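This report is meant for a reader who is meeting the structure for the first time. Please have the sequence and the 3D view open while reading.

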Amino acid sequence: MRRLLVGIPYLWLLVLFLVPFGIVAKISLSDVAIAIPPYTPTLDLSGGWSAIRAYFAELDFENFAFLASDDLYWKAYLSSLKIAAISTFLTLLVGFPMAYAMARAPAAWRPALLMLVILPFWTSFLIRVYAWIGILSTEGFLNQFLLWIGVINEPLTILNTNLAVYIGIVYTYLPFMILPIYSTLEKMDGSLLEAAEDLGCSRAQAFWLITVPLARPGIIAGSFLVFIPTLGEFVIPSLLGGSGTLMIGKVLWEEFFNNRDWPVASAVAIILLLILIIPIVLFQKNQQRQAEAEK
Amino acid sequence: MASSGQAEVFAPWEDPNEVPLIKIAGVTKRFGDFTAIDNVSIDIYRQEFFALLGPSGCGKTTLMRMLAGFETPSEGLISIDGQDMGAVPPNQRAVNMMFQSYALFPHLSVWDNIAFGLRRDGLSKDKVAARVEEMLKLVQLGQFARRKPHQISGGQRQRVALARSLAKAPKLLLLDEPLGALDKKLRQETQFELMDIQEKTGTTFVIVTHDQEEAMTVASRVAVMDHGQLIQVATPEVIYEQPNSVYVADFIGDVNLIEGAVGAIGDGAELLWAEGRAALMGQPGADLSKGSKATFAIRPEKIAISAEEPMDRRNRVQGKILDIGYLGNLSTYHVELPEGPVVKCEVGNRSRIERRDFTWEDEVWLSWSDTAGLVLPG
Ligand SMILES: Nc1ncnc2c1ncn2[C@@H]1O[C@H](COP(=O)(O)OP(=O)(O)O)[C@@H](O)[C@H]1O
Ligand SMILES: [Mg+2]
């Protein structure tokens, strides 16, 4: 029974991660072909041992070499890293005060506030992103409102710019930032701040010297939870971003569906995954350290 | 703190020329329509070890938090060293507090916890280091300096909290149930350590406790509180020997209480307690008026037990032994009087098996001197 319980997550990992990863890795070493599926070679076990040898002989790293030679790709990776980093920072900027206010709210309100943070997950992500198109477009609610109160005379172009992408990402990933920070702040003993004040701190000093360091594991966890999925984000840049928005998720999509170049698309995906391993490992380390500190 | 013999007795509260360090004058604190502190006035003097004693919820922490500056009085004034504290925030008071929960900063080492307040004062690195080392030595935690609070024991944490609150050499140190989280043995050891440190540093301590033994052990004076009101402020000896009310007599130590009415008041005071029985004679514990309701309070160790009627004592009653408790160093007898009350009497066992000649159901006489008991109003 115990072995079964331990085994389930591994089975899950095997079926839902390692097998697809193996398939994608194999495709990334193949050549594009006009066929179904659109790459070659495909494994034909009926040909016996020699066919298998021939199959492996045809695999090579050509696609990776191609990615290195065309500057579109590394620019897209860099641009994605930049957009992910900036979005993470903006999400932290918006999320921390919200988490702080929630943790400081009367205990009776907190469940309701948590509910409000989680509530958006109850509708489709796609619908919510489309709603932002309605808000941000030239004739959208935001522009109409700003024109009405007289702050602007001309409608602002927000949709199809990087700004819209940032807004979309901050909006979408905000709960992932708020929840871990809230959980660290909520556990904080209020008498620590009084002790800091008692020892000569101003309120602001106590915030920087006590609250922020104690919230650090939550800040780190939240930042990774936003950064990691944002790096490969595809839906938000393609719906809200413009032609100027270069993100690797979009490139990946175009290789797969517009160019039908599965091998190159797979190579793009493999590199994205390799890049993501670093923050994922750091995230795991952070979680482990926090779990140890709580013991 | 009680000194004996030739040494000068520490009793600044008896000296009319002495200026108190802390003046709490007519302070009331209300939370909504609940009154947590009700018109309390106390003067606390330099180098005192002052204890606030009372049951849980009587307002001790609230009073202490007003001294630290975390609560403001609804009415009344608090001044420290002649300065009105009304508008002074906690971070600008020469007062430090040791929190009931210790409130050690979990992300900082023992060393950094102790250095925390010193760094806020902008002291130079060397001065901070010297002072931290001094504090670590005072509380004997030198080898734990680099540990985090969660890596040391409860008793060690308590000492870190003490060192941290003493580091800035405050004029006044507030300790909110500092030993509450320790087990009994460690608690008793730490009480003496606290007294030692208080004497060494010369800091004025105000300690909050609900443990009467602790208050009696450590304090120069004890303030007994009940429901936000101050009932009595006095030295431990006076609190024990001359409580001003039934509440204080009952709260501190063991006491027999016999209800009745005030009789003649002369040298002492009489308590009429039962029809056809001689009045009990005692000291008046507070202002009494003849005929009013009163209670006779007598400590068990002040009662003698004998088989024959002690004719030389006015205060003597006869009863039947209900229960005997042998505690090694002393024996307690529970004696039921025919009128109903059960009187507890404690006798020291000076020589082996002495006085063990009484047994259950024996008729015995209890007696005490005219000055041993108190007649208290109410
Ligand atoms: N901030 C507050 N708001 C409302 N009531 C409070 C507050 N602080 C304390 N009290 C009430 O005041 C009373 C005294 O509390 P406290 O001073 O903590 O008692 P003690 O320390 O003697 O146990 C309690 O009944 C408590 O509920
Ligand atoms: Mg308390």
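What follows is a description of a predicted model, taken from one chain to the other by way of their interface.

**Chain B as a whole**

Chain B contains eight helices and 20 strands, and its C-alpha atoms fill a box of roughly 80 × 50 × 45 Å when taken along the principal axes. Of the 378 residues of chain B, 49% count as buried. Among the contacts in chain B that join residues at least 6 apart in sequence, 66% are between residues at least 24 apart.

Strand β1 of chain B, residues 22–31, takes part in two antiparallel pairings that can be described together. With strand β2 of chain B, residues 34–44, β1(B) pairs in the antiparallel sense over seven bridges, and in this pairing B:Val27 stands opposite B:Val40. The hairpin of β1(B) and β2(B) has two residues between the strands, and B:Gly32 takes a positive phi near 65° there. With strand β4 of chain B, residues 75–80, β1(B) again pairs in the antiparallel sense, over five bridges, and here B:Ala25 stands opposite B:Leu77.

B:Ser331 is buried, with a relative accessible area of 3%. Leaving out residues up to four places away in sequence, B:Ser331 touches B:Gly325, B:Tyr326, B:Cys345, B:Glu346, B:Val347 and B:Asn349.

**Features of chain A**

In chain A, helix α12 covers residues 248–258, and its buried residues are A:Ile248, A:Gly249, A:Lys250, A:Val251, A:Leu252 and A:Glu255. These buried residues of α12(A) pack against α4, α10, α11 and α13 of chain A. Just after α12(A), A:Arg260 takes a positive phi of about 50°.

A:Leu18 is found in helix α1 of chain A, residues 2–28, and is partly exposed, with a relative accessible area of 42%. Between A:Leu18 and A:Asn258 there are 240 residues in sequence and 27 Å in space, C-alpha to C-alpha.

**Where the chains meet**

At the interface, 17 residues of chain A are in contact with 20 residues of chain B. The two chains bury about 1700 Å² between them, with 62% of it on carbon and sulfur atoms. A:Glu194, A:Asp198 and A:Leu199 supply 40% of the area that chain A buries against chain B, which is more than any other three residues.

Between chain A and chain B, seven residue pairs are counted in polar contact. On the side of chain A that touches chain B, the elements giving two or more residues are α9(A), residues 190–198, and α10(A), residues 203–231. Of the elements on that side, α9(A) gives the most, with seven residues. By class, this side of chain A has nine nonpolar, four polar and four charged residues.

**Salt bridges**

Side chains of opposite charge can pair when their charged atoms come close. Over all chains, a search of the whole structure finds 25 salt bridges, and one salt bridge is found across the interface of chain A and chain B.

| Pair | N to O distance |
|---|---|
| B:Arg65 and A:Glu194 | 2.7 Å |
| B:Glu71 and B:Arg65 | 3.4 Å |
| B:Glu71 and B:Lys29 | 3.8 Å |
| A:Lys75 and A:Asp71 | 3.4 Å |

Which residues are linked to A:Glu194 in a network of salt bridges? The network holds A:Glu194 together with B:Lys29, B:Arg65 and B:Glu71. B:Glu71 counts as buried at 18% relative accessibility, and B:Lys29 counts as buried at 8%. B:Glu71 and B:Arg65, which also form a salt bridge, are both buried.

The pair A:Lys75 and A:Asp71 belongs to helix α4 of chain A, where the two residues are four apart and therefore separated by about one helical turn. A:Lys75 counts as partly exposed at 40% relative accessibility, and A:Asp71 is partly exposed as well, with a relative accessible area of 37%.

Methods
Residues numbered from 1 in each chain as written. Chains lettered and ligands numbered in written order. Predicted model: local features only at pLDDT ≥ 70, side-chain atom pairs only at ≥ 80, totals over all residues. Heavy atoms only, no water. Pairing = 2+ DSSP bridges. Buried < 20%, exposed > 50% of the residue type's maximum accessible area, 1.4 Å probe, protein only. Contact = heavy atoms within 4.5 Å. Buried area = accessible area lost by both parts, 1.4 Å probe. Salt bridge = Lys/Arg side-chain N within 4 Å of Asp/Glu carboxyl O. Polar contact = N/O pair within 3.5 Å; in protein donor to acceptor, adjacent residues only side chain to side chain. Nonpolar A, V, L, I, M, F, W, Y, C, P; charged D, E, K, R; others polar.
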